[in-house]
Amino acid sequence: MSTAVPPKGTGPLARREARLAWGLLFPTIFSVSLVVILPLLAIFWVSFKPIGLEDLRPPETVVREQLRGRPAEAGDDATLRYRIRNSSQNKPLSDVSITDTLPDGLTVVQVDERCSIDGVLLTCELGDFEGGQRENIEIDVTVSQAFLDADPDLEDTPTITTGTGENILTNSEFTLENFARIFDGREFWAVLYATMFYTIVGTIGALVVGLFAALLLNKEFRGKGIMRGLYLFPYVAPVIAVAFSWVTLFDPFSGSVNALLVQMNAIDSPINFFGQRPQALIMVTVFEIWRYFPLSFLFILARMQSIDTDMYEAADMDGASPFQKFWYLSLPMLLGILSVLFLLRFIWTFNKFDDIFLLTGGSAGTRTLTVNVYEQAFAVSNIGAGAAVAVVIFGFLLAFSIFFFKFMSREEGL
Amino acid sequence: MRVIQNGYITAAVIGWFWAYTIAIVVAVLMSFSTGDPFKPSFMFSLLLGAGTGLGTLFYRHKLTMAAGLMLLSILLGMIGFGPIIVGEEAGTFGIVVSAALFGLFTAWPLLTMLESLVPGQLDKHEFEEAVIHFLTGFGYIFFTTAVLVPFYVMVMTSLKNQQELLQNPLDFTIDFSKGTDLFRSYVELFADFNFGSYLWTSFYVSVLTVFITLAFSIPGAYAVARLRFKGRAAFGRSILLIYMVPMIVLALPIYIVFSMTGLRNTIVGIVMIYPVTTIPVALYMLQGYFRGLPSEVEEAGLMDGLSRIAVIWKITLPLALPALASVSLYVFMIAWNEFLLAFMLLDDPAKFTLTRGVASLNSSEVPRQHLMAGAVIATLPIMAIFLGLERFMTKGLTAGSVKG
């Protein structure tokens, strides 16, 4: 008799389960890859392209049709004029042609030599256009009474145009100029410095302030719920509202903080908090701490409340002082959540764009890498350079994530 | 350490710190509520605070102590040596009120803080207890002011007019005699700046985002939590990885593609893109919750002949309602507050969301109070939802890991 062997491979039931799982996951995978993976690939592609904001519209043929000569009676002469131009000022168009159906009641007298007429169908071959080139095509006609009675709108029969311009997004022209430009000189180091200062100080600051806030609320008292809700305000409110409140509050001319400091003789003249170095960078970092301490506060508080109280009772028996209890008991217990929070917040602060953009717009030494993407792509209108900055950001993130997952596997996940 | 751990020194130092803190707070509070100049006096708050601190070592009756300090501060204030220096505009009333507030809020808490102290040498417990009590009191004041002041300024600025704002930036008194004219900025925003339509756009975009997100993430989360398939662990991780791609990096190609396909400047484009930014977080939150549900109930359902889909619909979802509420609220909040994509993709004022509309007010041609009124309009609904459903919201925030 043969001995029983455990089944090898996947059985039909397991296969069915896996199929169902992938079926359920498909919509998510599909949509996320469409909006995350594809754009990421696109960013790599674009970063090697010499492309500006205006190149997003490929050159095309633009045509306008007009009847000139004001014919009043049957038999009058008139001119049908087509004005054709290349929409781009600097990119060539090749094989330009137009096709139009002539309105009824016109007798063609003379046709431009580039055109041919087949019945009422007009076709013109115009060859290649330089950037910004314009051409006119005139067709002499005489009008009939039927035409005058009908008074047709020439735009009713739309003129069909052809003409292929080279789309810079899809051609095979590549360049390293974008990277050369962003790594060029001192500017890159200034951007990197601002990013690192903002990220490191902002992350640690938010953690420390959050820890302090959690210590305050880690006991039972009346109004604790209200307090906790209140401390979450900065995070829940829309960034646009709080950022503009800060700008109003710290305005050098009509801001309350400056008025207050002057009145209390703390400063002699108003400080332009968001407009000068190095205050601007410090202020955006303080804003980051103010806005995101609630998050670390919430997590640390949740962890604190799950610490076993037995330990503290034992410490009390041994005569430990409050600071000793915090240093030797609470802090080691919180180390796990603190390091996970640090890693996650570090990456998300690194990625932060809205806050700085709204507060200073990246001026006065606050241009971080993410703000630089916007600055290059839209302010300087160089999409290629913007994409190159995005690639650099992605490189940094890849390094962080590898580190993060190495670390996360040792920590219990969140 | 031994020197500082002396009852006299600790009491005096903490007394001074606390008195100076209170002096600053009262000065700011009085300035903001009357518009008159008030400023804390370093010297006299030091003397009064240290004196009160030392006094608590010997005499501990709260009421007498507080009343005594109040009277003393008022008297000193009258002859010009008060803990808070009051400008002439404020007059006697200002002096009396500020000095009385100072006396009350200095003496009363100090007595509690310094309870553990005794004259002479202290042991570690007595010393640290006093320090911790002081830090706690200071922390409450610090956090509450830091959190509230920007919101306070936001609301008050929106109720003023240009002239009042430039005249005295410290004056946050509300002139009730103006009646409904107080809300002129709001009326103008709704009448001339189209804010009613922005509010509606933001609302239905957020609600649509919530529904689409749930429709995609519930099946996905269930699959990751319950079903066994190859690559499940890897999938769980890559959800988090997607989280780490910054929006601005994605916004650029999305902008390019939307420009070329004509989806830019349309609500459809916005509704297509918002859920994708929230699906990963919703999936991550939900799968955590689904894992916590007892699988026996579902297995019982399967045994009784329900299909998987029916099990999800009839058993898992009803059990997961609280989690669904948390996730919905959290997603709603993200969509409502979203700024970057709306800013980049919408140019047509007829299609603005609320955040985009507020951003358009940030120009030199639009007065400041309009901008602040817009900020209040954007903040109020989400705050109302937050305060009303705080329990769900906090849970959503905690479970949603730390998306920022």
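**Exercise 1. The nonpolar core**

Task: In this predicted model, find which residues of the largest nonpolar core touch the most other members.

Solution. Step 1: The largest nonpolar core holds 203 residues. Within this core, the residues touching the most other members are Ile240(A), Leu252(B), Leu286(B) and Ala375(B).

Step 1: Take Leu252(B) and list its contacts, leaving out residues up to four places away in sequence. The partners are Ile43(A), Val373(A), Ala377(A), Gly386(A), Ala387(A) and Ala390(A).

Step 2: Another core, of 17 residues, lies apart from the largest one. Ile84(A), Ile98(A), Cys124(A) and Phe147(A) are among its members.

**Exercise 2. The contact between the chains**

Task: State how many residues each chain gives to the contact, and describe the side of chain A that touches chain B.

Solution. Step 1: Chain A gives 78 residues and chain B gives 84 residues.

Step 1: On the side of chain A that touches chain B, helix α1 of chain A (residues 12-47) provides the largest share, 18 residues.

Step 2: Sort the residues of that side by kind: 60 are nonpolar, 15 polar and three charged.

**Exercise 3. Two helices of chain B**

Task: Describe how the axes of helix α4 and helix α5 of chain B cross, and name the residues that meet.

Solution. Step 1: Helix α4 of chain B covers residues 91-113, and helix α5 of chain B covers residues 124-158. Their axes come within 9 Å and cross at roughly 140°.

Step 1: Classify the angle. Angles over 145 degrees count as roughly antiparallel; the crossing of roughly 140° therefore makes α4(B) oblique to α5(B).

Step 2: From α4(B), Pro109(B), Thr112(B) and Met113(B) take part. They meet Ala130(B), His133(B), Phe134(B) and Gly137(B) of α5(B).

Step 3: The residues of this contact comprise four nonpolar, three polar and no charged.

**Exercise 4. The overall form of chain B**

Task: Decide whether chain B is a compact globule or more spread out.

Solution. Step 1: Chain B contains 18 helices and two strands.

Step 1: For 404 residues the globule rule gives 22 Å, whereas the radius of gyration of chain B is 29 Å, well over that value, so chain B is more spread out than a compact globule.

Step 2: Along the principal axes, the C-alpha atoms of chain B fill a box of roughly 85 × 55 × 35 Å.

Step 3: Of the 404 residues in chain B, 49% are buried. Among contacts in chain B between residues at least 6 apart in sequence, 76% link residues at least 24 apart.

Notes: Residues numbered from 1 in each chain as written. Chains lettered and ligands numbered in written order. Predicted model: local features only at pLDDT ≥ 70, side-chain atom pairs only at ≥ 80, totals over all residues. Axes fitted to C-alpha atoms, helices over the stretch in contact; angles between N-to-C directions. Helix = DSSP H or I, 4+ residues; strand = E, 2+ residues; numbered from the N terminus. Parallel < 35°, antiparallel > 145°, perpendicular 65-115°, else oblique. Contact = placed C-beta atoms within 7 Å. Nonpolar A, V, L, I, M, F, W, Y, C, P; charged D, E, K, R; others polar. Core = buried A, V, L, I, M, F, W, Y, C linked by C-beta atoms within 7 Å. Buried ≥ 20, exposed ≤ 12 C-beta atoms within 10 Å, placed from the backbone. Rg over C-alpha atoms; globule rule 2.2 N^0.38 Å.
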